Amino acid sequence: MDQNPYAGPGAVAADPQGVGMNTHDVAKAQRMLLLSILASLVGNVLMNTNALVGVLMIPVALAIAVFSIWCVYKLCKALSLGPVLWIIAMFIPLINLICLVILNQKATTYLKSQGLKVGLLGAKV
């Protein structure tokens, strides 16, 4: 009579792909970070093409910057890093690109240590 007949099974469900939740979070955050880098590069090229296009790209560039900061936060949380200094570094020109490359390298190293194959836009999970 000690057992609850309505309780679920006590066994932990197996991960069918063998990829842990943290690994999935890192892979997803890395892909978003790489897409934000790509969007930043395309935005910078478009801003320098024409004066009219440059003016129209200002709101888009701000949205890309906010997206990049959000991606840095998500990747830092997934890698268990403190996001505060990384986010502050995102406001310093050229340092932000270096930080993005360093964070990407940390994520790639982690994913490869988990046995995943990492391509140009991150791991496919």
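**Close-up views of a predicted model**

View 1. Where pLDDT is low, the predicted coordinates should not be read in detail. For the protein as a whole, the average pLDDT is 84, and 87% of the residues score at least 70.

**View 2. The packing of helix H3 against helix H5.** Helix H3, which covers residues 58-78, packs with helix H5, which covers residues 95-113, at an angle of about 35 degrees, and their axes lie 11 Å apart. The crossing in which H3 passes H5 is left-handed. On the H3 side the contact involves Val72, Leu75 and Cys76, and these meet Leu100, Leu103 and Ala107 of H5. By residue class, this contact of H3 with H5 comprises 6 nonpolar residues, with no polar and no charged ones.

**View 3. The largest pocket.** The largest pocket has a volume of about 360 Å³. It is lined by 17 residues, of which Ser40, Asn44, Ala61, Ala65 and Asn96 are the closest to its centre. The elements that contribute two or more residues to this lining are helix H1 (21-47), H3 and H5, and the largest share, 5 residues, comes from H3. When the lining of the largest pocket is divided by residue class, 12 residues are nonpolar and 5 are polar, while no charged residue takes part.

**View 4. The second largest pocket.** The second largest pocket holds about 180 Å³ of space, and both H1 and H3 supply at least two residues of its lining. The residues that line the second largest pocket are His24, Asp25, Lys28, Ala29, Met32, Trp70, Tyr73, Lys74, Lys77 and Ala78. Divided by class, the lining of this second largest pocket has 5 nonpolar residues, 1 polar residue and 4 charged residues, whereas the lining of the largest pocket has no charged residues.

Methods: Residues numbered from 1 in each chain as written. Predicted model: local features only at pLDDT ≥ 70, side-chain atom pairs only at ≥ 80, totals over all residues. Heavy atoms only, no water. pLDDT = per-residue confidence, 0-100. Axes fitted to C-alpha atoms, helices over the stretch in contact; angles between N-to-C directions. Helix = DSSP H or I, 4+ residues; strand = E, 2+ residues; numbered from the N terminus. Left-handed = near helix turned anticlockwise from the far one by under 90°. Contact = heavy atoms within 4.5 Å. Nonpolar A, V, L, I, M, F, W, Y, C, P; charged D, E, K, R; others polar. 1 Å grid on protein atoms, 1.4 Å probe; cavity = no way out; pocket = protein on both sides within 12 Å on 5 of 7 lines; lining within 4 Å. Points joined across faces, edges and corners; volume = space filled by probe spheres on them.
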